[in-house]
Amino acid sequence: MHPRSSSNKYTADTDDDLSLSSDSEDEEEDDEDDDASEAGSRSTVAPDDEASLIANMTLSLSMTADQLATHLPKAHRGSGSTATKSSNRRRLAEECRLQLTQVLGPGRLAALDQLIEAAARAHDVPHEDDLKHELGHEYSTHAELVNIRVNAEQGVDQCTHIGSGGNDKAGVGQAAAKWLCEQAEAAIADHQSFSVAFSGGSLPSILASGLTDDLVKRCQPDKWQVYFADERLVAHDDDESNYKEVRKTCMAKLNIKPEQVHAIDAGLPVEQAAAAYEADMKASLGSEGRLDVVLLGMGPDGHTCSLFPEHPLLQEQDKLVASISDSPKPPPQRITLTFKALSHAGQVAFITAGDGKSEVLRSVLMDGDCQLPASMVRSATGLPLWFVDKGAAAKL
Ligand SMILES: O=C1O[C@H](COP(=O)(O)O)[C@@H](O)[C@H](O)[C@H]1O
């Protein structure tokens, strides 16, 4: 199943938390629709389908319907029959809400919920100014929306602003490092340890540049367990090794000890190395291999981890860690977390910078039909976070 349309990506607490209308209301609404269809009088039915819901939210957020649609899973856009629309309404509402949670953060979302719920019930649209007052933001462009998502999820306003204001790799590194350390603090407070998977490529040096002494002191790196989102099958001292790059950058700053690191056994054949890594993850993190945080990069072709566009590995359903022997980017032999492993992670964050990533970032965040691996990533909590600079965000 395509992760973008996977129903389990949004499973967390949806039934309790995410409804804009109750089950019984839905049943009543479905009955109404049925009655109306039987009587051949759809036009008399109150506009309570997804079109009006989108209209409400669109107006509420000052977005165009197309802009909002880019935030909805493909399965719920498009036309579809009236009956399909009706039966999809609650699911749509839930997914809209999840998307909006990503945009606004749980605090401000509560205010929006009340207004949207009232609007959906009364077939009325809350006054835009009320929403802006409640939420404290202007919503005008997609880039602004993405800014708000990043800001809201980090709980701060002075972090990386996608598409605005002189941000560079250093800004991305600062914002991402601050966020990562907050995740570590929260995980350690909750379960006394923090598990994080690093990617290679440009990510380790960008992130390390933001790891200040203050942050390092606060985030208790001695309680971290370090994994790899992907790794090339080369010796650990090879320049191509992700381990080598992470060690000389982030691990050096964090003073991570070798016994805290889960590196691959590069002496094994690649399939066995992947199987051994999966066994290590299950032994140390539980049967689902649940990492607290996975940090991802994105190549200019839209690959992430070692999941490359159109590669059969994108369909992997069972393994948490897979091997690849024909990587289009050298070296060819690698191991990689699968979408399944990512979907179990508490949080997934992309860290990427530079105008060489702008076109692919536009596709990933804005093309509804995007099939690139980076657009297919979901964590246990939904959409990934993005830490990007102005160059990468130039085309949003
Ligand atoms: O090969 C790889 O590339 C990606 C992207 O790297 P970047 O240099 O374009 O940031 C990286 O995330 C992955 O870990 C690595 O193995």
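Predicted model: local features only at pLDDT ≥ 70, side-chain atom pairs only at ≥ 80, totals over all residues.
Asp-230 stands opposite Thr-336, a residue of strand β6. Strand β6 covers residues 334-337, and three bridges join β3 to β6, the two strands running antiparallel.

Strands of a sheet pair through backbone hydrogen bonds, either parallel or antiparallel. Here three strands form an open sheet in the order β3-β6-β5, with antiparallel pairing. Which strands sit at the edges? They are β3 (230-232) and β5 (321-324), each of which pairs on one side only. From one strand to the next, the twist averages 15°. Helix α12, made of residues 270-285, lies across β5 and β6 and runs at about 165° to β5.

Asp-230 also takes us to the ligand. There are 15 residues around the ligand, and those that come nearest are Gly-200, Ser-202, Asp-230, Arg-232 and Lys-329.

| Residue | Distance to a ligand oxygen atom |
|---|---|
| Asp-230 | 2.6 Å |
| Arg-232 | 2.9 Å |
| Lys-329 | 2.8 Å |

How much of the ligand's accessible area does the protein cover? On its own the ligand has 390 Å² of accessible area, and the protein covers 93% of that.

Next, have a look at the backbone. Most residues other than glycine have a negative phi, and most peptide bonds are trans. This model holds some exceptions to look up. The peptide bond from Pro-330 to Pro-331 is cis, with omega near -5°. Where is Pro-331? Pro-331 lies in the loop between β5 and β6.

Gln-192 has a phi near 65°, a positive value in a residue other than glycine. Gln-192 belongs to the loop between α8 (169-191) and β1 (194-198). Gln-220 is not a glycine either, yet its phi is positive, at about 45°. Its place is the loop between α10 (213-218) and β2 (224-228).

Are these two glutamines buried or exposed? Gln-192 has a relative accessible area of 54%, so Gln-192 counts as exposed, the cut-off being over 50%. Gln-220 has 29% relative accessibility and therefore counts as partly exposed.

Technical notes
Residues numbered from 1 in each chain as written. Heavy atoms only, no water. Pairing = 2+ DSSP bridges. Helix = DSSP H or I, 4+ residues; strand = E, 2+ residues; numbered from the N terminus. Axes fitted to C-alpha atoms, helices over the stretch in contact; angles between N-to-C directions. Contact = heavy atoms within 4.5 Å. Buried < 20%, exposed > 50% of the residue type's maximum accessible area, 1.4 Å probe, protein only. Near = heavy atom within 4 Å. Polar contact = N/O pair within 3.5 Å; in protein donor to acceptor, adjacent residues only side chain to side chain. Areas by Shrake-Rupley, 256 points an atom, 1.4 Å probe, with all protein chains shown as cover.
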